[in-house]
Amino acid sequence: MTYCVGLLLKEGLVMLSDSRTNAGVDYISTYSKLTVWEDPGDRVIALMTAGNLSLSQNVVTMLNEGMPNGDGEPVTMATVPSMTEAARLVGRAIREVRRIEGDALRQSGVEFEVSFILGGQINGRSLRLFLFYSAGNYIEAGPDSPYFQIGELKYGKPILDRVVTFDTPLSEGVKCAMISMDSTIRSNISVGPPLDLVVYRRDAKQIETRRTIAADDPYFHMISEGWSAGLREAFQKIPNPQWD
């Protein structure tokens with residue numbers, strides 16, 4: 001299991017993922033689920049993955065190596081002219097991996113389960129954020145729906161619903177994403193650090209912050225403890241029921 005959240009805000013983009021791939025009593029492994037393509041001055045594109053790790057790795061490999069366009073030339077994330085074309089490329093890669101691997105997976109009783117969040121901006125184009133499903137189809141975030149989640153959704157969703165709007169400042173977006181992640185980590189052992197964070201300011205054409213956050217990161221620890229204390233305080237302030 002995993003948890004990834006992406007925020008599309010007026011000031012920019014926040015993308016945060018965990019890195020846990022297996023979790024059990026005696027076995028925990030990690031693998032980064034965030035891939036970034038950055039060419040300062042031209043493009044910043046970030047992709048987060050959830051679901052079957054081998055399938056998502058195959059998709060990312062295709063995006064790096066390229067898929068032929070109408071002229072037979074390979075198109076990669078480094079060469080797509082717009083985020084719309086980047087989204088179409090991700091969808092094509094998902095469908096191609098399904099075509100190659102789908103039958104063998106079904107024969108083994110394994111479902112084709114992957115999901116992705118793609119965000120970024122290419123020079124001269126708009127900042128965009130997309131959510132992809134296992135079929136390769138996708139939807140786009142906007143001012144009325146400024147965030148996407150993949151993986152273990154339910155524990156981190158309440159804070160996003162209550163706090164995040166398109167006008168949320170970028171720094172508050174980072175804080176909210178980290179609280180959402182902490183809420184998920186506390187409730188599900190299959191999600192855990194280290195966390196991968198990318199913060200991009202709209203029209204900057206280069207990443208503002210890229211950080212790997214360990215379990216003992218001072219700010220993340222403060223977020224975790226402060227949010228727990230704040231919830232307990234708010235709970236105590238709410239009057240007990242006084243029904244007759």
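## Sheets, helices and a pocket

Five strands form an open sheet in the order β12-β1-β2-β13-β14, with antiparallel pairing. Its edge strands are β12 (147–151) and β14 (209–213), each of which pairs on one side only. From one strand to the next, the twist averages 10°. The model described here is predicted.

Within this sheet, strand β1 (residues 3–8) and strand β2 (residues 12–17) pair in the antiparallel sense over five bridges. V5 stands opposite L16 in β2. Helix α4 packs on the sheet, where it touches β1, β2, β13 (195–201) and β14. The direction of α4 makes about 20° with that of β2.

A further open sheet of five strands has the order β5-β6-β9-β10-β11, with antiparallel pairing. Because β5 (34–39) and β11 (138–140) stand at the edges with a single partner strand each, one side of each is left without a neighbour in the sheet. Neighbouring strands of this sheet are turned by 15° against each other on average, direction ignored. Strands β9 (residues 114–122) and β10 (residues 128–132) pair in the antiparallel sense over five bridges, and the bridge partner of L118 in β10 is F130.

| Helix | Strands crossed | Angle |

On the α4 side, the contact is made by K175, M178, I179, D182, S183, I185 and R186. On the α5 side, Y219, F220, I223, S224, E225, W227 and S228 take part. The residues of this contact divide into seven nonpolar, three polar and four charged.

Which residues line the second largest pocket? They are Y155, G156, P158, I159, R162, D182, S183, R186, W227, S228 and L231. The elements that give two or more residues to this lining are α3 (157–163), α4 (170–187) and α5 (218–237). The lining residues divide into five nonpolar, three polar and three charged, and the volume of the second largest pocket is about 180 Å³. D182, S183 and R186 of α4, together with W227 and S228 of α5, belong both to the helix contact and to the pocket lining.

Methods:
Residues numbered from 1 in each chain as written. Predicted model: local features only at pLDDT ≥ 70, side-chain atom pairs only at ≥ 80, totals over all residues. Heavy atoms only, no water. 1 Å grid on protein atoms, 1.4 Å probe; cavity = no way out; pocket = protein on both sides within 12 Å on 5 of 7 lines; lining within 4 Å. Points joined across faces, edges and corners; volume = space filled by probe spheres on them. Helix = DSSP H or I, 4+ residues; strand = E, 2+ residues; numbered from the N terminus. Nonpolar A, V, L, I, M, F, W, Y, C, P; charged D, E, K, R; others polar. Contact = heavy atoms within 4.5 Å. Pairing = 2+ DSSP bridges. Axes fitted to C-alpha atoms, helices over the stretch in contact; angles between N-to-C directions.
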